[in-house]
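Good morning, and thank you for coming. Today I will present one structure, and I ask you to follow it on the screen.

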Amino acid sequence: MKFNGKNIWITGASSGIGEAVAIEISKHKTFLILSGRNEEALKEVAERCQNNGSTVQVISFDLSSEESVLEAADKVLSQKIKIDGLYQFGGISQRSFVSETPLAVDRKIFEVNFFGTVALTKAILPWMIENGGGQIAVTSSIVGKFGFPYRSAYSASKHALHGYFESLRAENVQNNIRVSVIIPGRIKTNVSLNSLNKNGNPHGQMDEGLDKGKSAEWSSRKICRSLQNERKEILVGGAELIMVYIRRFFPRLYYFMASRVKPL
Ligand SMILES: NC(=O)c1ccc[n+]([C@@H]2O[C@H](COP(=O)([O-])OP(=O)(O)OC[C@H]3O[C@@H](n4cnc5c(N)ncnc54)[C@H](OP(=O)(O)O)[C@@H]3O)[C@@H](O)[C@H]2O)c1
């Protein structure tokens, strides 16, 4: 799908990968809807997108609240515009061991990463189908392909996205719904700072590995190229992506490596 002249809704647009993708797409003279919770940050991103020649609307909402998701969807649907792309980057990570994490924190991570994404998709899908189809992208992680210490609920919520959106794709091929699952490795953003710790509070620290990761800008260019080519899975990152193949082809090596990995 070429971006020019298209209407594209981007969640997680206030920061990191979603922000960088919004800026990149805005160079193609699009109509963008930018979402996240932080309205101030969204307005700043919107201004930069407008300076690139795109038209932008900011609609803030909280992925962890179904009511808030549906309210945002209503605001968009009431405008009766075709939604060509729904690109979802909104998400939250985790830095806590299974043994110390209350179920409430696991649920919170699932509410944002899985149920929030699913709720928004379900709200928009019928309208997309009615309008002849569209592209839906969701953001998983390499730990959506294998488990990783300190990320149990995060990894599980990302695994769940694969199952859900592969099913959605298979059900909707005839409806011209194209699904892309974005699978980042280590991208230098605020994701570790914003991760939830065992108390459900922000972890507040930059991971050493993440600090050495690819930039959000570099990643956004790869993601945008792959979205335009409607790739079903979009792996983006550096050398760490090899872990996906090690898990698939050399599982015993993966079990060994995962058991010895430093969590941070
Ligand atoms: N960076 C990496 O290495 C990496 C690796 C694998 C996967 N990912 C995934 O990539 C996506 C983007 O992450 P990032 O690295 O760009 O991190 P980030 O800088 O922390 O951005 C996360 C985005 O998600 C939004 N968000 C978080 N909680 C939300 C909520 N309750 N309601 C609505 N929006 C919410 C944030 O907006 P507000 O704060 O304004 O709400 C922000 O725009 C996430 O799904 C993440 O899991 C990242």
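I will speak about the ligand and its surroundings, and then about salt bridges.

The model is a predicted one, in which local features need pLDDT of at least 70 and side-chain atom pairs count only at pLDDT 80 or more, while totals for chains, interfaces and linings use all residues. Residues are numbered from 1 along each chain as its sequence is written, and side-chain values use heavy atoms, with hydrogens and water left out.

Let us begin with the ligand. How many residues surround the ligand? There are 31, and the closest are Ser14, Ser15, Arg37, Tyr154 and Thr189. A residue counts as near when one of its heavy atoms lies within 4 Å of the molecule. By type, this shell holds eleven nonpolar, 16 polar and four charged residues. Here Ala, Val, Leu, Ile, Met, Phe, Trp, Tyr, Cys and Pro count as nonpolar, Asp, Glu, Lys and Arg as charged, and the others, Gly among them, as polar.

Please look next at individual atoms. A nitrogen atom of the ligand lies 2.7 Å from a backbone N or O atom of leucine 63. For glycine 91, a backbone N or O atom is 3.2 Å from an oxygen atom of the ligand. The side chain of asparagine 194 places an N or O atom 2.9 Å from an oxygen atom of the ligand. On its own, the ligand has 870 Å² of accessible area (Shrake-Rupley method, 1.4 Å probe), and the protein covers 94% of that.

I turn now to salt bridges. Side chains of opposite charge can pair when their charged atoms come close. A salt bridge here is a side-chain nitrogen of Lys or Arg within 4 Å of a carboxyl oxygen of Asp or Glu. The whole structure contains ten of them.

One joins arginine 48 to glutamate 19, with the closest N and O atoms 2.7 Å apart. Arginine 48 sits in helix α2 (residues 39-51) and glutamate 19 in helix α1, so the bridge ties together parts 29 residues apart in sequence. Helices are DSSP runs of H or I with at least four residues, numbered from the N terminus.

Another connects arginine 95 and aspartate 207, at 2.7 Å from N to O. Are these two residues buried or exposed? Both arginine 95 and aspartate 207 are buried, that is, under 20% relative accessible area, where exposed means over 50% and partly exposed in between (1.4 Å probe, protein chains only). Arg95, Arg151 and Asp207 are linked in a salt-bridge network.

Terms used. A polar contact is a pair of N or O atoms within 3.5 Å; within protein, one must be able to donate a hydrogen and the other to accept it, and residues adjacent in sequence count only if both atoms are side-chain atoms. Helices (H or I, at least four residues) and strands (E, at least two) are DSSP runs, numbered from the N terminus.
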